[in-house]
Amino acid sequence: MKIKEEFSFESKSCCGGKTESADMVEKNTLCPVCGEEGKLVKNITVKHMVIDKVKEHVGDINYYLCMNEVCSVVYYAQESDNRFDKKDVKEPIWFKNDADPKYVCYCNKVTEEQIIDSVVNKGANNMKDIIVLTGAMKNGKCETNNPLGKCCSPIIQEAIKKGLEIKENPMQV
Ligand SMILES: [Zn+2]
């Protein structure tokens, strides 16, 4: 799974630079539908992400986010069939294959497309340029807005990288 590595590198956080406890990072479990490894997500994040109709079904536990791009499961609990699907969340999950729009910064509703466009057509080269051009990462509340409950900066970095690659090799697109 290539997505996993994208969250592991150190970068400046828009959420105050808090580091997670080892416990939050290490304890992974498998999606009951596709069997792929999920990412632990705090209860507060899940409560904010699900639509009102299913909110009452969110228990007082932490959930896992299924990182498989083709699986329709979003959040699942470790020991029950308590889970939430793509249709149960307010925003598309950016790495799921049919996400539209594909937000990278959920706090400011900045899409991957906007970031790639800023790099390819507006001369942005780094995070600072992207923040100025798109407003990404301003007043970040990723704990409740981002589906993982984590700072979106690694995902923005990835989008910048994609944009730079397109810029360097326009013929391959
Ligand atoms: Zn799954």
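## Helix α5 against helix α6

Let's start where helix α5 (residues 112-122) packs on helix α6 (residues 127-134): the angle is about 105° and the axes lie 10 Å apart. Axes here are lines fitted to C-alpha atoms, for helices over the stretch in contact, and angles run from 0 to 180 degrees between N-to-C directions.

On the α5 side, the contact involves Q114, I115, S118 and K122, and on the α6 side D129, I130, L133 and T134. Two residues are in contact if their C-beta atoms, placed from the backbone, lie within 7 Å. The residues of this contact divide into 3 nonpolar, 3 polar and 2 charged (Ala, Val, Leu, Ile, Met, Phe, Trp, Tyr, Cys and Pro count as nonpolar, Asp, Glu, Lys and Arg as charged, and the others, Gly among them, as polar).

## About the model

Please keep in mind that this is a predicted model, in which local features need pLDDT of at least 70 and side-chain atom pairs count only at pLDDT 80 or more, while totals for chains, interfaces and linings use all residues. Residues are numbered from 1 along each chain as its sequence is written.

## Helix α5 against helix α8

Helix α5 also meets helix α8 (residues 153-168), where the axes come within 8 Å and cross at roughly 45°. That makes α5 oblique to α8.

Here E112, I115, I116, V119 and V120 of α5 meet I156, A159, I160, K162, G163, L164, I166 and K167 of α8. This contact's residues divide into 9 nonpolar, 1 polar and 3 charged.

## The whole protein

The protein has 8 helices and 6 strands, in the order α-α-β-α-α-β-β-β-β-β-α-α-α-α from the N terminus on. Helices (H or I, at least four residues) and strands (E, at least two) are DSSP runs, numbered from the N terminus.

Of its 173 residues, 32% count as buried. Buried means that 20 or more other C-beta atoms lie within 10 Å of a residue's own, exposed means 12 or fewer, and partly exposed is in between, with C-beta atoms placed from the backbone. Among contacts with a separation of 6 or more, 58% come from residues 24 or more positions apart.

## A look at D60

D60 sits in the loop between α4 (52-55) and β2 (63-66). D60 is exposed, because 6 other C-beta atoms lie within 10 Å. D60 and K47 are 13 residues apart in sequence and 9.3 Å apart in space, C-alpha to C-alpha.

Note on methods:
Parallel < 35°, antiparallel > 145°, perpendicular 65-115°, else oblique.
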